Amino acid sequence: MNNPSNKGDGVDRTRRNLVIATAVAGGAAGVTAAVPFVESMLPSERAKALGAPVETDISRLAPGEMLTVEWQGKPVYVLRRTEQAIASIAKADSLVVDPNVEQPQQPKALNGNKLRSEKPEIFVAVGVCTHLGCSPLYQPDQERFYCPCHGSKFDLAGRVYKGVPAPLDLVVPNYTYLSDTRILIGAEKKGA
Ligand code: FES
């Protein structure tokens, strides 16, 4: 599985147990910020092995930045979308396979939600390509996720583009907010 912070050369790289994220804010001002930071996982190793929910702190996640945490052995992306990124999703409607979010690739409560998120600015998705399981790269300048393995593209809501190998949108896992700055990934929200 590729580390999403790697360049798109298709070379498989070793992913650390906890991948920390990368993220680069492009934007009109051309400001680039790469803020690596370390997340801690609260459940015990045993609980993690059993797939327990994982808590993550998004308080230091600036607009345009993405962090990655591990849940059930998979990378989960948490992206704080900018206003521009949110606007890009509506513009991608004609380019994606499932513009109205009817595929069962997210909790039921998000069916039909084009942003595929509870809060517009915070996008959470499993960073595993629905083709053969590589980790798509976050490419904010291109307003997309790009899978270097076979060229699949997803918009910033994880909706898969037409004409690429991946058949389905990126999976949005169950998650719930413990506070404005803490998310519990893998926790089923009531009514979801
Ligand atoms: S695994 Fe992503 S395009 Fe093939």
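Predicted model: local features only at pLDDT ≥ 70, side-chain atom pairs only at ≥ 80, totals over all residues.
Which residue in β3 stands opposite Met66? Residues are numbered from 1 along each chain as its sequence is written, and side-chain values use heavy atoms, with hydrogens and water left out.

The protein chain contains two helices and nine strands. Here helices (H or I, at least four residues) and strands (E, at least two) are DSSP runs, numbered from the N terminus. Along the sequence, these elements follow the pattern α-β-β-β-α-β-β-β-β-β-β.

Three of the strands make up an open sheet with the order β2-β3-β4 and antiparallel pairing; two strands pair if DSSP finds at least two bridges between them. At the edges lie β2 (66–71) and β4 (122–126), each of which pairs on one side only. Strand β3 (residues 74–80) is joined to β2 by six bridges, and the two run antiparallel. The residue opposite Met66 is Leu79 in β3.

The chain can also be considered as a whole. Of its 192 residues, 49% are buried, meaning under 20% relative accessible area with a 1.4 Å probe, protein chains only. Among contacts (heavy atoms within 4.5 Å) with a separation of 6 or more, 56% are between residues 24 or more positions apart. The accessible surface, from the Shrake-Rupley method with a 1.4 Å probe, is about 9,000 Å², and 52% of this surface belongs to carbon and sulfur atoms.

How values were computed
Buried < 20%, exposed > 50% of the residue type's maximum accessible area, 1.4 Å probe, protein only.
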